[in-house]
Every structure is written in C-alpha cells, then in structure tokens.
Amino acid sequence: MSGDEVKALLDNTFVLVAAVLVIFMQAGFAMVEAGLTRARDAGNIVMKNLMDFAIGVVMFFLVGFAFMFGTGNDWIGWKGFGLGGLSDPFVFNLSPATFFIFQVAFAATAATIVSGAMAGRTKFKAYVVYSVVISAVIYPIFGHWMWGGGWLFQKQFLDFAGSTVVHATGGWAALMGALLVGPRLGRYGADGKPRALPGHSIPMAMLGVFILWVGWYGFNPGSQLGADFPIVADVALTTTLAAGAGAIVTMALMWVTSGKPDISMTMNGALAGLVAITAGCVFVYPWAALFIGAIAGAVVVGAVRFFDRLKIDDPVGAISVHGVCGLLGTLLVGVFAAPALVERAALGGSGGLWYGEGFTQLGRQALGSGANLVWVMATAFILFSVIKKVMGLRVTDEEQLAGLDVAEHGAPGYGEMVFGAATHTAAAPVPATTSV
Amino acid sequence: MKMITAVIKPHKLDEVKEALTAAGVQGLTVSDVRGFGRQRGHTETYRGAEYTVDFLPKVMVEVVVGDAQADQVVGAISDAANSGKIGDGKIWVTSVDQITRIRTGEQGNEAL
C-alpha cells in the first residue's frame, strides 16, 4: 500500500470510530434526561430518545444530507437525496458512507437535545412530527450555510465541531418547544415561585454525563475528518480541560450561592464546558480551553435561573447548556482563537481579541450565532405552533399526573416496581388516584 | 393486651429491633410510612430552587404484648430510638380486644 492509501484507510477508520462514539452519545442523552425527570415519565423520555434517532437517520438519509452537503447554492443543497450520485471519496479521504455516518450522528445530536427540555408534558406524536422536521429541514439547511460551504462559511464564521451548528440549534429549538408547551404541573407555585421537581435517578443521569463526555472525544476530534496528528490529540486535550473547568466552576458557584454543591447543576456545568469548547477546540490553546470551560460553567448557572424566572420549564437544563453555552462558546472563539492555530486548521478566519487581532473574528462569530438563533427560533416557533394547532403539543393534566409512561405508551417504565415514599416527596400535587 | 405503635426514624430500626428482642418481644411488624409532625416537613434545594418535603419518610413498628410488659416495651423503644434531635417520632399504646394465632387457633396471651 502506498502512503496515501494508508492515510485514506486511517482517516476512514478514525472517523468511523468517532462517529460511533457520537452515536453512543444518544445513550448519554437518554440517561441524563431519564434520570432528571420523574419515574412516571422515564419510559416516555427514553422512547423519545430512541425515536428521534431512528427517524433522524432515515430523514437525514432521504433528504437532510442532500440539503446540507449536496451541491446547490449558498443557502441550500439539492444533490445526494438517498446518498445517490455522490463522488467517492466524498470529502477529503472519506467515503460517502463514512461521512454520512459521522454527519447523521451530529444531526441526531441536535434533534435529541429538545426532548429533555420538553420532558414530562409533551405529546409523543407531537415529538415524532418535530423529529421529522428538525432532521429533514431545520438542522440541514442551517448546516448547509456553514458546513455545506454556504454563505456563513464564506464569511469565515468559525465553528469547528458545532457549538452553534449542532448544540445551539438543538438548544434554541428546545427553547421554543418549552415555551410553547408550557411548564409541568406544579413547577411554578401560585405565588409564581419555581418549585423543584427533583429527578428520579441521579446516578442514572450521571452515567449519562460520563457517556456524553466520552462521546465528545468522537464529536470534537472526529470533526477534523481525518486521523491528523497532532491536531486530533490537541482537540481532545482542549475538550477535556473545558469540561473539567466547567464542572468545577458550576459546583463552586452553587456551593456559594445555595449552600450545597448541587449535583444535577454540576452535571450541567461539565456539559456546558463541553458544548462551549466545541466551536473553538481546534483554534485555542489549553489555557484558553480552561477559561472557556470556566466561563461556561458560570454562565450556565445564571442561564438556568434566568429561564426559571421566565417560567420556561426545562427539567434538564438543555436550553442553558446547549443554547446559551453553544452561543457563548462560539463567540469566545472570537476572543481566544490563536492566530497560529487558526492558520493550522486552514478553515479561514483570523485570531481573536486576546491576540490583538481586533473585533473582526468576533464580528463573524456574532453573525453566525445570530443567524443560527434567528433561523432556528423562527422555524421551530412555526413548527411547534403548527403542531399545537393541528394535533396539540401538550398532554392533558390527567395524563400528566398519571405519568406519560402509562398515558402515552400503556405501560410503566418501571414495571412492577412499587413506588415507595421517595417517589412523590416533591411539592408537586400528587392526586390520590395516581396510578402506578 | 396492648398494641404498641411507634413511628421512628428509619435508621433507628435496627437498634429498636434489638432492644425489643432483648426485652423478650416475640414478633413485630414494620412498615415504611410518611408523615410530618410539629416541624411540618422541611425544605431542600435542587438546581438552586427550594422545595418542601411535606412528608418525611419514617418507619412504623407495631408490636402486641401482654399488659404487664407494655411499659417496659415502650421504654425500650423510647431509649433505642432517641437521637435527641427533632423528628425522633412518637409511641402510642392502644388496648387490644382479641388476638388469634392463625395456624393453631390459639387466642389471647397464648397467641402472643
């Protein structure tokens, strides 16, 4: 084998393994979301996680991939429906199949963020319809603007692995969904104050966080789209440091402000660091990754409280983690991007504010983040509004109190387990007739 | 005969069981229960938001003994379950009219 053939083999192998790691993040999302919602809704939320992935892979194969990566204009692609007629290799050394598997994992990540923010009160069939539209239309069209070589890419917007393209897209769609579906019963008291509805399994949620963290080693290094050392290892390093810094800062902030190191918020802190570093992981040095993670760890706490004050009920903190910290991490590229690393990545753009390169890159970052926010919020608002009108977005109060597992799927998530005293200790009104 | 019912802190169950065994009690019934007393539950925080735990988890111990033994058993439970902190629970004594051992049909003190 020639050197080029070896490189092609390594590139495809590396990206395929990275893709599998990203697909495994679906399990991470499922565990985080199930753990942080109540036992009576646990089966429903994992079912939503399965189906947004199942629907996502089919829709992205049929139309999404073509809209995102097909040749077209600056706004949308229209070649490669069903992966037909693609050149091989399609991108760099990657075969169409390798590239599709990697990209469909990203599309599915954006899609699955929303279920957590809408957990505990959203109709299953409404979520199925949402899954079709985000995987076929909302995510791929924005993706084309950037990773499909569209107008944002040409403007030298930098988003290496998708703080904006993937995470903020999911986060802003989650915001529109949570806003339109309304809070869970009992989440805000008659006095307007938020009341906690604690998740039913913190260890389950923490397992999900670890799965997501590990999956990120596919997400960020894999986005190099080749086994290029030392770049992929450098990316793994910045990714790791940002997650650690995020968790530490969130824990410290919760300890100081609320008296105790809150567990689920600290999980959000680690994820906030990961989401924030995703855009800049290849463009920043390790010390800057610590700053980016730390800033995200602080901002995520404020964001969770902010949305709570607006009475936007987000059981898992998805809007704050993926929306707010996705936007934040994207902007911070314009601050911390090192000129030498930007040049090495060869994706255009320039160094950040910190290096005396002025506001040029920060401006490009703001343009990309702003365009993402407007596109996703507008399309998701229309989507959820139409669903609300046509089939309804929210289950009835009776169904919510009975639990979505039984009401929507006919069987409890926890089979014959007898729910003891611990299940309903929260302030939520628990009717005497609660089944399960 | 008297039925002695005690609502205690869950982690005190083992000590109470040992004290009752030492006092010669032959059998007892235990249930997980929830409730509140003068403190009306307490508040915790989750993700920075406070929530009230209205009903605290407790363990209820029920034991039926002869009239002569009742005071000693109440004392044993009270000593074993006492932590000196709020929420230690309560003990009450009620009269029992009749008792039957199902297997043999024995009644009264014979069935204890």
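Which residues does Val300(A) touch, not counting residues up to four places away in sequence?

Analyst: The model is predicted: local features need pLDDT of at least 70 and side-chain atom pairs count only at pLDDT 80 or more, while totals for chains, interfaces and linings use all residues. Residues are numbered from 1 along each chain as its sequence is written, and chains are lettered from A and ligands numbered from 1 in the order in which they are written.

Apart from residues up to four places away in sequence, Val300(A) touches Thr250(A), Asn268(A), Gly269(A), Ala272(A), Ser320(A), Val321(A), Val324(A) and Cys325(A). Two residues are in contact here if their C-beta atoms, placed from the backbone, lie within 7 Å.

Some of these partners belong to a helix pair. Helices (H or I, at least four residues) and strands (E, at least two) are DSSP runs, numbered from the N terminus. Helix H10 of chain A covers residues 286-309 and helix H11 of chain A covers residues 318-336; their axes lie 9 Å apart and the packing angle is about 145°. Such axes are lines fitted to C-alpha atoms, for helices over the stretch in contact, and angles run from 0 to 180 degrees between N-to-C directions. The crossing of H10(A) with H11(A) is right-handed; a crossing has this hand if the near helix is turned clockwise from the far one by less than a right angle, and is left-handed if anticlockwise. On the H10(A) side, the contact includes Ile292(A), Ala296(A), Val300(A) and Val304(A), and on the H11(A) side it includes Val321(A), Val324(A), Cys325(A) and Leu328(A). Sorted by class, this contact holds 17 nonpolar, 2 polar and no charged residues. In this sorting, Ala, Val, Leu, Ile, Met, Phe, Trp, Tyr, Cys and Pro count as nonpolar, Asp, Glu, Lys and Arg as charged, and the others, Gly among them, as polar.

Val300(A) also has a place in the core. The largest nonpolar core has 138 residues, of which Ala276(A), Ile292(A), Ala296(A), Val300(A), Cys325(A) and Leu328(A) touch the most other members. A nonpolar core is a set of buried Ala, Val, Leu, Ile, Met, Phe, Trp, Tyr and Cys residues joined through C-beta atoms within 7 Å. A residue is buried if 20 or more other C-beta atoms lie within 10 Å of its own, exposed if 12 or fewer, and partly exposed in between, with C-beta atoms placed from the backbone.

The loop between H10 and H11 of chain A comes next. It contains Gly317(A), which is buried because 29 other C-beta atoms lie within 10 Å. Beyond its neighbours within four places in sequence, Gly317(A) is in contact with Asn268(A) and Val304(A). Lys311(A) is also located in the loop between H10 and H11 of chain A. Lys311(A) is not a glycine, yet its phi is positive, about 60°. With 14 other C-beta atoms within 10 Å, Lys311(A) is therefore partly exposed.

Helix H9 of chain A holds Ala270(A). Ala270(A) has 28 other C-beta atoms within 10 Å and so is buried. Leaving out neighbours within four places in sequence, the contacts of Ala270(A) are Val209(A), Trp213(A), Ala243(A), Gly246(A) and Ala247(A). The C-alpha atoms of Ala270(A) and Phe307(A) are 19 Å apart, and 37 residues separate them along the chain.

The region also bears on the other chain. In total, 20 residues of chain A are in contact with 13 residues of chain B. Helix H8 (231-258), helix H9 (263-280) and H10 of chain A are the elements that give two or more residues to the side of chain A that touches chain B. H10(A) gives the most to that side, with 3 residues. By class, the side of chain A that touches chain B has 10 nonpolar, 5 polar and 5 charged residues.

Two further loops of chain A contain cis peptide bonds. One joins Asp88(A) and Pro89(A), with omega about 0°, and Pro89(A) is in the loop between helix H2 (42-69) and helix H3 (96-117) of chain A. Another runs from Phe229(A) to Pro230(A), with omega near 5°; Pro230(A) is in the loop between helix H7 (202-222) and H8 of chain A.
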